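Reader: I am new to this structure. Please take me through it step by step.

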Amino acid sequence: MRAFIRWFRRGVPGFSMAQVCLALFASSLLFALAAEGTDTFLATYTTLPQYHIARVTASVMKEFLPLFACGIGGFVMLIWAFARALRCHPLTNRKYLAWLRATPWQPGKPLPLGPIGVSTQDCIVLAAVSLLTYFFTPLDVYIVPMIFLTGYCLAALWILVRAGDRPYTYAAAFGFGVPLGLLAWPWASCAALVVLYGVAHRGLERSLYRFPWEPDAYAITLGGKYSRRRAEQVLEQVSPRLVELGDVALSHLADDLGWPLRALRLRWQRPWFSRIDAVLLALLPGYYIAVATFVRWSCLRNDMGVSEGNSAESLAGSLFCLFMIAAIIRLMRYSNGYGAPISLLGRLFTGRIIIPQYDVIFAAPLAALLAGFCIVTEMERRGFGSGPSAAVSITVFLLILLNGGPSLSKWRLTGAFRISHSAVTRKPEYVKL
Amino acid sequence: MIDVVSLTQHYGIRPVLKDIDLHINPGELAAVMGPNGMGKTTLLAAIAGILSPQKGYVEINGRRRRRTMEEEAAIRKDVAYLPADAWLPMMAVRDFIVTVGRVYEVEDERLLDHTDRLLHLFDLEGVQDAPIGSCSTGQQKKAALCSALVTDAPVMILDEPFSGGLDPSGILALKRVLQRLAQRRDVTVLIATPVPEIVEEIAHRIVILVDGRIAAFDTPDGLRKQTGCIGSLQEVLEHIVNPDTAANIERYFEGEER
């Protein structure tokens, strides 16, 4: 028995008892709230003190316990799944990564804090919780594995984004739509989740082969004159993240060097996202709206208790607000610290109302706003319904907004702007000469 | 080499620079002088790429500013610009200088050695580990100058490098460094300063800006020949910028004697 416990503990993602208790309590409350609605939730939980004080009848307990068990069963597995992926992957555990870098560990060897995929120990816990849930709660047996796999895949997606593994990131991001779309057919949805788990796990395994992700801190020691410790101290003063990121982070240095070095930066970070990223990111929200529309349709078709309702009334208005916010964010990113070459008054009096090389930054946001708003209005007018209208308009809006030129790098090198130090002077960490 | 072609710059309605044409040879040290508000800082900022002129263009070592991404990126590596109103980060003095050098990809051994020598030259060794914000104004100016000098950039644009609280030893040190740079054939230096005495000692040629136009651009001796004035550079400058100054002074004292 002791050997079994020792073996079991080896495969358990490490977290403290306090974390477990807090997570269990919070998750069960949330689950109960979500499952039973606010009224039942409040009614149930307000009886709890009464039970202890006045010893109310056992019928209250009968009503209360399955609800609590649902919460525990479902959310224990969700937290377990998060912990399995997040705590066991060095990329999301800073101290673990730092320690691992100091050890002879190499990709391909077992990870010291446990595997990043589902282990035998996980299967035992999964089976136990599934059985408990099946026998003591009204939930179906597939719910627990589904919750576990969903949690794992979400955590894996986050890690894949951080690892910069694009093919697997997009495969997981778009893949999530399949189990979601099949919710009306739970077993098919569960099967899709298993396939998605395979994809996400393979992506995580692949990410480990890039260990240690950034060059060692030795690479940034300055000509060997400083000790490694000194180099780390130097870089920590420059920016704490540099110690971790090493030479790659030198591209960030331009951000920390005041004005005008900040604006006239020599090192350029890789663009936030490439053209392919921009297209795929633009497709993602529309894709999920389409999935949600399909889920709604399939639930209605299978008579699963979804009310028809009509949410299309204020769709155009709401979307327009969202579009405006997104367009303003893009404009601010382009113009913060990079102002127009002459003032508005100067434009008027010199007859240069439009300065094409500067005003080009307004073109993409305006075109995106116009296209997005026109599409959603027209599609609703033609009776396409709110789901398809929103999906198409958001996709078109984002495609124009994210792909419309000029790119940020091109703009900051070739645009006809006047560089100001507004972006720096607002920050207290700079001093004016 | 710096080429300025037909450059006109407005901030608002009034043009600050009007149709400026300027050619500074490689290895030359040129100084921009002129009364306040005549466009010295604007000219340097336009050459440094801070401003986008409404007309004309700037070329650095044969590459035109802001024409293509590649050209602009290459120019930025070649140019070190220190404005009079720079904002410095709150990092340690030495770290700041080293970091700027690393951004300009100065070779590590050379960078550390050069940093040590600059800190010693400008008497900053005592504050090298102190945050820039805790230094005096003069020390901050010295740190900023060190950061520009450490870059080893082939084109240096320094706006008012001698002002900003520099002590006499700092002024002397900077003067010597600039004189040494002026002797090299691979570094082009452009400075703006209102102090004629310093300019006379270090500059190959002097650009005199009046009302946004180049009133004169020549060597100190050439300017003397042009104006027929054999006195100090200050007198030559006055002759070009404000020919009536001497007469005005005479008139003032005549009035006092009466």
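Author: Two strands pair if DSSP finds at least two bridges between them. Strands (E, at least two residues) and helices (H or I, at least four) are DSSP runs, numbered from the N terminus. This is a predicted model, in which local features need pLDDT of at least 70, side-chain atom pairs count only at pLDDT 80 or more, and totals for chains, interfaces and linings use all residues. Residues are numbered from 1 along each chain as its sequence is written, chains are lettered from A and ligands numbered from 1 in the order in which they are written, and side-chain values use heavy atoms, with hydrogens and water left out.

Reader: What is the average pLDDT of chain B?

Author: pLDDT is the predictor's confidence in each residue, from 0 to 100. In chain B, 99% of the residues score at least 70. The model as a whole scores ipTM 0.83 and pTM 0.73. The chain B average is 89.

Reader: In β8(B), which residue is the bridge partner of A80(B)?

Author: Strand β6 (residues 79-82) of chain B runs parallel to β8(B), and four bridges join them. The partner of A80(B) in β8(B) is M156(B).

Reader: Which residue of β9(B) is the bridge partner of M156(B)?

Author: β8(B) also pairs with strand β9 (residues 188-192) of chain B, in the parallel sense and over five bridges. There, M156(B) has as its partner V189(B).

Reader: Through which helix does the chain cross from β8(B) to β9(B)?

Author: This is a β-α-β crossover, and a right-handed one. Right-handed means that, with the strands pointing away from the viewer, the path from the first strand over the helix to the second runs clockwise. The helix, residues 168-183 of chain B, is α6.

Reader: Is strand β8 of chain B largely enclosed or open?

Author: Buried means under 20% relative accessible area, exposed over 50%, partly exposed in between (1.4 Å probe, protein chains only). V155(B), I157(B) and D159(B) point one way from β8(B), while M156(B) and L158(B) point the other way, and all are buried. That makes five of the five residues in β8 (residues 155-159) of chain B, so the strand is largely enclosed.

Reader: How far apart are the closest N and O atoms of R347(A) and D359(A)?

Author: A salt bridge puts a side-chain nitrogen of Lys or Arg within 4 Å of a carboxyl oxygen of Asp or Glu. R347(A) lies in helix α15 (residues 344-350) of chain A and D359(A) in helix α16 (residues 356-381) of chain A, twelve residues apart. R347(A) is buried at 11%, and D359(A) is buried at 16%. Their salt bridge has its closest N and O atoms at 2.9 Å.

Reader: Is D221(B) buried or exposed?

Author: D221(B) and R224(B) meet in a salt bridge of 3.2 Å, N to O. Both lie in helix α8 (residues 220-227) of chain B, about one turn apart. R224(B) is buried at 17%. D221(B), at 52% relative accessibility, is exposed.

Reader: Which strand gives the largest share of the lining of the largest cavity?

Author: The largest share, three residues, comes from β6(B).
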